[in-house]
Amino acid sequence: MTPEERAFQERIDADQKIEPKEWMPEGYRKTLVRQISQHAHSELVGQLPEGNWITRAPTLERKAILLAKVQDEAGHGLYLYCAAETLGISRDEMFEQLHSGKAKYSSIFNYPTLTWADIGAVGWLVDGAAIMNQVPLQRTSYGPYARAMVRICKEESFHQRQGFHIMMKMASGSEAQKRMAQDALNRFWYPSLMMFGPSDKDSVHSAQSMAWKIKINTNDELRQKFVDQTVPQAKYLGLTVPDEAVQWNEEKGGHDFSEPDWDEFFSVLAGNGPCNKERLQARVDAWDGGEWFRDGLMANAAKNKNTSEEAA
Amino acid sequence: MTPEERAFQERIDADQKIEPKEWMPEGYRKTLVRQISQHAHSELVGQLPEGNWITRAPTLERKAILLAKVQDEAGHGLYLYCAAETLGISRDEMFEQLHSGKAKYSSIFNYPTLTWADIGAVGWLVDGAAIMNQVPLQRTSYGPYARAMVRICKEESFHQRQGFHIMMKMASGSEAQKRMAQDALNRFWYPSLMMFGPSDKDSVHSAQSMAWKIKINTNDELRQKFVDQTVPQAKYLGLTVPDEAVQWNEEKGGHDFSEPDWDEFFSVLAGNGPCNKERLQARVDAWDGGEWFRDGLMANAAKNKNTSEEAA
Amino acid sequence: MAYKGKADNGLFEFLLQMGDNCLILGHRNSEWCGHAPALEEDIAVANVSLDLIGQTQMWLELAGEVEGAGRSADDLAYLRDAFDFRNLLLLERPNTDFGLTLVRQFLFDAWHLPMLRGLMNSTDKRIADIAEKSVKEVAYHLERSTDLIIRLGDGSAESHRRMQDSLNELWSYTGEMFEFDDLNPSLVAEGLVPAAAEVADAWKQHVTAALKAATLSLPETGFIRRGGKDGIHSEHLGFLLAEMQFLQRAYPGASW
Amino acid sequence: MAYKGKADNGLFEFLLQMGDNCLILGHRNSEWCGHAPALEEDIAVANVSLDLIGQTQMWLELAGEVEGAGRSADDLAYLRDAFDFRNLLLLERPNTDFGLTLVRQFLFDAWHLPMLRGLMNSTDKRIADIAEKSVKEVAYHLERSTDLIIRLGDGSAESHRRMQDSLNELWSYTGEMFEFDDLNPSLVAEGLVPAAAEVADAWKQHVTAALKAATLSLPETGFIRRGGKDGIHSEHLGFLLAEMQFLQRAYPGASW
């Protein structure tokens, strides 16, 4: 460790925030760019599975709530792209990495939303898991990232409550609605558990990231916490978690549960999920189809700049 | 009149059929090409308003019947394009005239099909009016056209019965269905009357076409016949023809009725109907979008020709 | 043609027009969520849709109250078929291009704002209240859409072309906005609804100035497409409603 | 996974698969009516759809009979939501391109024909009868789609590219055809349904030969998409059904 690196680590250990123009190790910068941009891409792509039900929301109120939520997600994307930009990468570069497949987004968004209950399940489980990941990141060492997380977490917990409320309506509704609710839980349970990433023992970058306080908890800790929070909620809803191994383990003070199918996880990550191709294609189409729009605005800005320079 | 023209007219007066390779006046050929290709285009474009309800047909049986009908229409188009081709114009040339707006199709297809009852009304009224126009054309002087008409009329009268049957179901159904049936009659009544063209006194080409037996009856004769046929059918259905002037006139042995709004007719003809732009765009898109397909088949045919020539 | 409800002075029909305009335009905008040309636009289309759906709730709730048949805003939104919808034909046009979506929004906003300003003075307090609640949102919609029309009109050759094409395509749908003869004349006479000419003047003034700034030409056709307010729609509305209403139709009476 | 109906030996599920395959593919084909690349193709897509809708009626009618709950073919077609549909995922893919439509038809026909030939020997006479009635139509479908695949694969560079792209895109959806483990094994054991391997062999043989003649390469991915037969569909099916079922949903109990 160079003296610079040592001083950097000491500041982190003392819970000081690192700010954009300060010195940082290249690895720290790179890891952060990867992590923040991946998170930003997830917000961007995350609009799609929920957007899929906006035009079919069952009541005007549900439609309004869902619109507000999808709007929030785009907003989160914006905060996060801005946070990443403070590290010296442009939003266009990040988009390029997304569109070329170089950058990833959360694999959960490669699963389809097939019924209205899925919109509930996404809020309850997916946002629930996201919050579990994000709450500790409010204390992450990089200032702009930590501050973005504070704003995001506030809104996400609101989304989670809305999702749970949809599930409550469905689970206490007609037989068909109950069936949709159970079916949504069945399909989203394991993919939600996968959102915390593979077990720590198989996770390469974890130790360094934790030392840098880019990552605060281990994947397994967070997964356990999520299961412990979610199992009683499912019971409250009258739904069955699709894992017969789930039961309270007094000794460890948490629930036992089955690991998700990690082969599926890696297969989806490799591009073979139900919607990978469509999600990415939708983003590429939006970007390519919108080129004229962005170019038009730039051309206008250039004209105005010339005009004001001439006037000056 | 030249001796050739006189001999030609004498053959027509003697009810002889003119065949493709025989001599004919240029005006006869041109008028026929215009009339047959316009008729062919009408069959082609006529697929669209009915095709609009195939995916939403209310029962499997209705869906099958509608599919068969739209298929028949495409088939009629095919007969007619072939008949026109015998006069020395290619199908591609005719399509070009359609796509450029030079050639017309029946204006009735510029009206939208808004409810399922419209599918009934199209069969009952539009096919009804078409048959009224077409039955005499089975005796038209140009052989290939007359023979195409024989095949077409047989199928059209079948379509008309199916349309009437839909109307019967709707008119004797629930209040909502009755309302759809009446609404469809209201919207399609006058456009159907327009299908016979402006009054003979305003029609330029009529006299020559009748001498050539390309046209057999006057527009007003056919319109009267259509009204006389349709008014009792509407009464049978329990529907009201949207024209308070309609009543039996014992003296003339036919119904009195109001003229359609000819300003609307010419406005739709000029391109300002509810769907002109969409209908033509749909055809142009189909044609342009299918270019690779047609080129691919031609490339394959050329290869096979080369192969068999080499083999020979 | 319309003002069927003699008893209610034609008010029900008018309220449906207001509510259906918001609902259908909100729907079309929302189709862009996640597919817009820039992240800022994703946010904006969701935001405009959200405002419009909120306004839909208010107008249709009042419509149900005026009708007095116990229909809720959701009943009116989800359980009417196309021929009972009263929105302008303009608003149901498909989103063939983001430029068309923007031009449509602009043409509508420029009508919507003076309409709401007029309605703020309605002699019916319920109407004035809804207009009051909506007017700030719509002022912002118009500000945004005008700004974009100007920047894209006076942008690149391509963005200029797209704006002009969309304007030409949509122009014949604007006349319907100013035809109030489908409304019961007493609505205007009694001061419930502003006079058509008042709204038309404000629209024309704003649109003319904005198009000039955008270097776009005013299309010259005098042809007016009509029908939306009489329930005679385009073929597009039926598909839109089939999608929008699916859950309420497939699971009647369920609570969501 | 499936074969829920223990009482009926899983036959109901199987019949739904057959009927839903025909219904959904018929629907997708019919979307081309009036929009196909040549008049002859307009006729052909309508014709294939017509055959498939006819077959749908037979399969779903028998399904309703086997279920014994009084549901007609129309009830099954129009009043089930997506998770009760049993069609292959392949068949609900949107019509992004006419080439994709043709390749899908070819991949399905090549399965459909040997399947029906197997079913002609079913120990259940009702099944054998339907297969018998359908087999000639499907033989013609396969003849047509194979012919087009070959001509367009071995056509222009552009048509070749489109065929190959479509093939690559759809290949991962074909494996689901040959997974009979969602069926009650006794269906095969008792000779009601042919063995999966029998159909798979015929499919592979036909497809391999045709692609060779078409100068197209067999895609190499071993990845298999599944879910259709368990009612876990793509996001596309819900939209398709909302459109297809609108009238039955909006006007329940009406007679058409």
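How many salt bridges are counted between chain A and chain C? The exercises below treat this point and related ones. The model is predicted, so local features need pLDDT of at least 70 and side-chain atom pairs count only at pLDDT 80 or more, while totals for chains, interfaces and linings use all residues. Residues are numbered from 1 along each chain as its sequence is written, chains are lettered from A and ligands numbered from 1 in the order in which they are written, and side-chain values use heavy atoms, with hydrogens and water left out.

**Exercise 1. Describe the interface of chain A and chain C.**

Step 1. The count between chain A and chain C is 3 salt bridges; a salt bridge is a side-chain nitrogen of Lys or Arg within 4 Å of a carboxyl oxygen of Asp or Glu. A salt bridge joins the side chains of C:D154 and A:K303, at 2.9 Å from N to O.

Step 2. Polar contacts are counted next. The rule finds 18 residue pairs in polar contact across this interface, both residues at pLDDT 80 or more. A polar contact is a pair of N or O atoms within 3.5 Å; within protein, one must be able to donate a hydrogen and the other to accept it, and residues adjacent in sequence count only if both atoms are side-chain atoms.

Step 3. On the side of chain A that touches chain C, the elements giving two or more residues include α2 (26–51), α3 (60–85) and α12 (291–311) of chain A. Helices here are DSSP runs of H or I with at least four residues, numbered from the N terminus. With 14 residues, α3(A) gives the most to that side.

Step 4. The residues of this side divide into 25 nonpolar, 10 polar and 10 charged. Ala, Val, Leu, Ile, Met, Phe, Trp, Tyr, Cys and Pro count as nonpolar, Asp, Glu, Lys and Arg as charged, and the others, Gly among them, as polar.

Step 5. In contact are 45 residues of chain A and 48 residues of chain C, where contact means heavy atoms within 4.5 Å. The area buried between the two chains is about 4000 Å², of which carbon and sulfur atoms give 66%. Buried area is the accessible area (1.4 Å probe) that two parts lose on being put together, summed over both. Of the area that chain A buries against chain C, A:L60, A:W292 and A:F293 supply 21%, more than any other three residues.

**Exercise 2. Describe the interface of chain D and chain B.**

Step 1. Here 48 residues of chain D are in contact with 45 residues of chain B. Together the chains bury about 4000 Å², 66% of it on carbon and sulfur atoms. In chain D, the residues that lose the most area to chain B are D:P37, D:L39 and D:W256, together 19% of what that side buries.

Step 2. Across this interface 3 salt bridges are found. B:R91 and D:E40 meet through their side chains in a salt bridge of 2.5 Å, N to O.

Step 3. There are 18 residue pairs in polar contact between chain D and chain B, both at pLDDT 80 or more.

**Exercise 3. Describe the packing of α5(B) against α6(B).**

Step 1. In chain B, the axes of helix α5 (residues 116–134) and helix α6 (residues 143–171) come within 7 Å and cross at roughly 145°. Axes are lines fitted to C-alpha atoms, for helices over the stretch in contact, and angles run from 0 to 180 degrees between N-to-C directions.

Step 2. The contact includes B:W116 and B:W124 of α5(B) and B:M149 and B:F164 of α6(B). Its residues divide into 13 nonpolar, 8 polar and 2 charged.
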